[in-house]
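Here is a friendly walk through one protein model, for reading with the structure open beside you.

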Amino acid sequence: MRILLTNDDGILAPGLVALHAAVADLGEVSVVAPASPQSAAGHGITVGGELAVERVSIDGKFWGLSVEGRPADCVKLAFRALLPKMPELVLSGINAGANTGINVLYSGTVAAAAEGAMLGAKAVAFSLSTGGDLDFTRAARYCRAVLEILLEGNLESGHLVNVNVPRLKEGGPAGICIARQSVAAVDEKYTGRRDAEGRDHYQLTDWYGFLNPTAESDVAAVERGYITLTPLHVDLTDSSRLESLSQLPWKRAMEKIEAPRRRRGKR
Ligand code: MN
């Protein structure tokens, strides 16, 4: 199996090193990852600029290609230019910090995996909750066990799964929970200051909290100590509103759009 390993914490991040060690025997693993930390890069890509690529030794154990770009850039470039054959499986992570709830939308880790799914690979994003021991070797062992079952099961080309490991403590995780992505809003804080020229500057602080996540959501399950798996798709369509939106009087809008042409036609 051809595997592409990437992340958003940067190619030298310990989460990537640990995941590499945990999956190296599953196939031919290529590493293409951002040269610098790209957390919260979302699904951004680089347009109108070059992507510098360098071959780097990672932890003295294996080689990878570092890309001066976004996580999604790395996956696109790997598929389109860097790798001789298309990867069949894209693994992203292990991220330092959970990617649950609406953080899925900000996450470069999830976006990199999503890009792989969009390009036709099977894709899995892995993240480890902070607040406990950031032992990526232990987390990678959990990720490997989860991945084996996914590969045995119905993971198909184009499928994306978001895996979150709860904060590590003695005794291990409570279990494995297949959970829906929470859409709970987030409470957060900005600090502010005024500089000598009178300009205001704001900075988002590390602190944030989910406001009333539903009990069966990924946010709540990870909090309760479960490893969560959430199947994701890139279709953002709100199917429940397709019908009501289509019933608005669109004919009137078309009449307005076409009115100038009709006036011209009369002349
Ligand atoms: Mn990150």
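Partly exposed is the label for a residue whose relative accessible area falls between two cut-offs: buried means under 20%, and exposed means over 50%. Asp238, at 35% relative accessibility, therefore counts as partly exposed. Please keep in mind that this is a predicted model.

## Salt bridges

Asp238 pairs with Arg241 through their side chains, in a salt bridge of 4.0 Å from N to O. Arg241 is partly exposed too, with a relative accessible area of 47%. Elsewhere, salt bridges that share partners join Asp25, Arg144 and Glu148 into one network. The count for the model comes to nine salt bridges.

Another of these pairs is Glu223 with Arg167, whose closest N and O atoms are 3.2 Å apart. Glu223 sits in helix α6 (residues 218-223) and Arg167 in the loop between β7 (160-165) and β8 (175-178), so the pair ties together parts that are 56 residues apart in sequence. Glu223 is exposed at 51% relative accessibility, whereas Arg167 is partly exposed at 36%. Asp195 and Arg199 also meet in a salt bridge, at 3.6 Å from N to O. Here Asp195 is buried at 14% relative accessibility, while Arg199 is exposed with a relative accessible area of 54%.

## The manganese site

Which protein atoms are the donors of the manganese ion? They are Asp8 (OD), Asp9 (OD), Ser39 (OG) and Asn95 (OD1), lying 2.1 to 2.2 Å from the ion. Along the chain, the donors follow the spacing D-D-x29-S-x55-N. Asp8 belongs to the loop between β1 (2-6) and α1, and Ser39 to the loop between β2 (28-34) and β3 (53-58), so this pair ties together parts that are 31 residues apart in sequence. Asp8 is buried, at 2% relative accessibility, but Ser39 is partly exposed, at 47%.

## Around His20 and Val31

His20 is found in helix α1 (residues 14-23) and is buried, at 13% relative accessibility. Setting aside neighbours within four places in sequence, His20 contacts Leu5, Val29, Val31 and Phe62.

Val31, in strand β2, is buried as well, at 3% relative accessibility. Beyond residues up to four places away in sequence, Val31 touches several others, including Leu5, Ile11, His20, Phe62 and Trp63.

## A nonpolar patch on the surface

Tyr190, Tyr202 and Leu204 make a nonpolar surface patch of about 390 Å². Tyr202 lies in strand β10 (residues 200-210) and is exposed, with a relative accessible area of 62%.

Note on methods. Residues numbered from 1 in each chain as written. Predicted model: local features only at pLDDT ≥ 70, side-chain atom pairs only at ≥ 80, totals over all residues. Heavy atoms only, no water. Helix = DSSP H or I, 4+ residues; strand = E, 2+ residues; numbered from the N terminus. Buried < 20%, exposed > 50% of the residue type's maximum accessible area, 1.4 Å probe, protein only. Contact = heavy atoms within 4.5 Å. Donors = N, O, S within 2.8 Å, 3.2 Å for Na, K, Ca; no water. Patch = residues over 30% accessible without salt bridge, like charges linked within 9 Å, V, L, I, M, F, W, Y side chains within 5 Å. Areas by Shrake-Rupley, 256 points an atom, 1.4 Å probe, with all protein chains shown as cover.
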